[in-house]
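Q: I'd like to learn how to read a model like this one. Can you take me through it step by step?

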Amino acid sequence: MSAGHRLAPPAAIARHTLLLLTGALVMVPFVWMVSLSLKPPGEIFRTSFSLLPEEWHAIENYTKALTEVPLPRYMLNGVIISAAILVLQILVCAPAAYALAKLDFRGRDALFGLVLIGLLIPHQVLALPLFILGYNLDILNTYAALIFPFVVSPFGIFLFRQFFKSIPDDVVHAARLDGLSELAIVWKIMVPMAMPAVIAFSIFSVVSHWNDLFWPLIAVRSESLMPPPLGIMAFKNEEAGNDYGPLMAASTLVVLPLIVVFLAAQKWFVEGLGKGSVK
Amino acid sequence: MSGVSFQNVQKSFGPVSVLRDVSLDIADGEFLTLLGPSGCGKSTLLRILAGLEAQDSGSVSIGGRGVDGVRPKRRDIAMVFQSYALYPHMTVAQNMALPLRMRRLSPWQRLPVFGRLLPGTKRAGGEIAAEVERTAKALGIGHLLERKPGQLSGGQRQRVAVGRAMVRHPAVFLMDEPLSNLDAKLRVQMRTEIKELHKRLGVTFIYVTHDQAEAMTLSDRVAVMLDGELLQVAPPQEIYADPSERRVAEFIGSPKINMLDGVVRERGLIDVAGSTLAVDIDRDQGAEVTLGIRPEAFHVADRSGPGALTGAVRFVEHMGSDLFVHLDMPGVAEPVIARLLAERAPQISAGQTLHLGVRPNRALAFTREGARIRPRVQWTPAAGATVTHLREYVQ
Amino acid sequence: MSATAAPLRNVERARPAASPARTLKLAEALAGYMLAGPAFLLLIVLFILPVFAVFVIAATDWQFGARSLDFVGLANFREIFGDEGFRISLMNTIVYVLIVVPGTVILGLAIALLIESGRSWRAFYRAVHFLPYMATLAAMAIAWEALLHPTIGLLNQTLAALGLPTANWLRDENTVLPVLAAIGIWQNLGFAMVLFLAGLKSIPQDLYDAADIDGADLWLDRLVNVTLPMLGPVTMFVVIVVALKAFESFDTVQILTQGGPGHASEVLLYTLYRESFEYLRTGYGASVTVVFLVIVVALTLIQARIMDRRVHYQ
């Protein structure tokens, strides 16, 4: 926007001042969380403020977070659930999106209509009937209950379809002439060509499900199945807010993986979560 | 008055030098075209004049007043953009009124709702509306004032962009490829309108284009640019008939000028393509030169021998009144193209041998490095024999 | 949508009786069913049938686990709209949305404008402000609780040091909702910022050049004449998307307040959760779900309309 306008020094200083200020305010909860996770209880409950502890208690806090509750288990669950959901979503959505984008068959428009309706529906609305369904199938309190409701993503189908449509039909025709089956076209031609969409969708999906509290809260009870948000909530309820150090350490560990990946692949994250806004 | 002068202007974007030491004086009321292929720096030069870009070194003045560091607003210029850059959310009337509002209303008066309450805003607003309407009527867009740009055709948008530039009577009009987004027919029509506008307003016009036809038909003078350098600044006929160097000769004219390497046999005679042509240049025997012969400088000769070139016809393109004949000539790598009047050369077909004479004074000599070697008798517009046909040839 | 397979269809049209064309078409349709079949079935099972089920259950007095149920028509809806608790929850949600949306949109826009107004450190500022949006909210809620703690929290310590009044932010019914809304703004403003940054990037540089030449070269004139009007459609879009996110907020309430004190921070989704899954009042919960669905669908449809009209400047 301002290619022709290099900011005058006072304006540039004002810009940095304001942005550093808002940036600092935005970072306060993160900083406070990490700061508390390094302190011994005595310092936490002292009514004076310091960023770094006088007496480092980091190892105790983090050890406690990792041993007192099954935090590694929560994290592993998070990885298992997010990865399983993502893989299944792509397995289900990419072929459907290809059929919607490139094949002609009766009922295609109706199917796309279903996808659009699916896009309209927030997942929380489905919680009650899916809970009942899960109860009747006797899969509540299993990984299946955490994964199954999400295996089809209307947003994924929609996004992939948009991307596949932008790939010329000739590519499909050429692949058919080369003897590829339709399924092979999906996995060997379309998905690799649609990598940007796949990456964007993957980030959207993983972030959503790693962070999801609502459905796991409904679907599982046993500690060994809890994903990180639910686990951290359970930890907090157990501790009843008395032992802040380990709790903050646990929170830090839960938040950390996504932030690290985010900082490494910022552009993709911003794009993926921005695209997710049509959902 | 409002001439424009560039003195030793240089500009680079990072490591890329886009303008190398450009100096150019443009007279008050002149129509000057900056012509060159895309990326030659012509738009950058215009943007520097407008104040949208700052030069690295050198100076720019408008009407004898240095404008370096002066904001665009205070340079008394107006500009028509290639994309028109109309504000899509404003009506035509609002678009055209904006430059006047910005100049005549105080910052307080310009405030969205509050400004309307201030004394004087209403009166000034009324005057502005009246002027906008007058200008719009003059351009034949009076009936479009309440529409938004999105509802207009390409030609109408173009007129609105001109109207927005015209409404405040600038001393200098800048146009950056204003016709390139129009279809061919409309382009020709708008070309005429721009020419008439220039006549009527009588102010300085600086026009940027990559289209030779526009440059040739519109301009008092054309400035040919390439790779950030000004190669030649001259009236259109002169650019065409008396290019200052090989690059100008090759850029102007379509089909492209034929370039044939030759050697001076003796003073005034050059061996080229297996024959000998008379070209009156001041070079000694043995000097290596390149002759540039425009396709339309050829005519059919009855026989081979001195003064005529001989070649084998590769193929013939029929263009209606003209024929483009492509020939292979001995010692010439690229096919030579001759543009012949169809009625004078009725039966030419592929494979046949053809003798071509060159019209007097129409072979342009260059050094192998590309510098022009002027004939001993200097070129004048009167001497440029066929320049009258120039306009149709460059189309 | 139907243009993709046009070549094949043309072949068929040209020779309607020829069997090779029909065979090809059949094969293509078959492939279509095979590829889209799983997604189709799953969409039906996981989306469409459940939504119907919600409407059906909402018309019953079913309590989860009960062996029998009766159809009660719209009685559940009469009950929830007559229910003080639900009305409070709905009002709380609306208040929450009315704080979060303007706060998020204005701050997001301001930060986007600030970032875009210069060239240095853009990626850094963008990353910092975007961080809360992708950080696990359940965990960050716990950090916020520590921050808002009445005695050891940073906020009260700072206020006390400045001689300002302090509060028990999450336990005071006057402050709890605004504080939750502030967390909502904190979480979403980076998201709004990113959308605005994309919007700013799509404004053609030519318009700013034209504004310069027309004399609109002061910051405010450029903002009023070019930037804000050009961001109009994006802004509408951001408003709706943020409103949707605000309506769906749950984690902070669940972790920090459980709807308390009293019902002061009970929001729609929390009511839905509690009625359906804690009190197991399934019919009632389904009715709340229907209300929630209606609001969200209405907002989404408005958003779709705006997306369609986004091109209206072109």
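Q: How many helices and how many strands does the secondary structure of chain C come to?

A: Keep in mind that this is a predicted model. Chain C has 13 helices and 0 strands. Read from the N terminus, its elements go α-α-α-α-α-α-α-α-α-α-α-α-α.

Q: What does the radius of gyration say about chain C?

A: You compare the value with what the globule rule gives for that chain length. For the 314 residues here the rule gives 20 Å, while chain C has 26 Å, so chain C is more spread out than a compact globule. Along the principal axes, its C-alpha atoms fill a box of roughly 90 × 75 × 30 Å.

Q: What share of the residues of chain C count as buried?

A: That would be 48% of the 314 residues. As for contacts in chain C between residues at least 6 apart in sequence, 68% of them link residues at least 24 apart.

Q: Let's pick one residue. Where does C:Gly163 lie, and is C:Gly163 buried or exposed?

A: Look in the loop of chain C that runs between helix H7 (154–161) and helix H8 (176–201). C:Gly163 has 6, so C:Gly163 counts as exposed.

Key: Residues are numbered from 1 along each chain as its sequence is written. Chains are lettered from A and ligands numbered from 1 in the order in which they are written. This is a predicted model: local features need pLDDT of at least 70, side-chain atom pairs count only at pLDDT 80 or more; totals for chains, interfaces and linings use all residues. Helices (H or I, at least four residues) and strands (E, at least two) are DSSP runs, numbered from the N terminus. A residue is buried if 20 or more other C-beta atoms lie within 10 Å of its own, exposed if 12 or fewer, and partly exposed in between; C-beta atoms are placed from the backbone. The radius of gyration is taken over C-alpha atoms; the globule rule is 2.2 Å times the number of residues to the power 0.38. Two residues are in contact if their C-beta atoms, placed from the backbone, lie within 7 Å.
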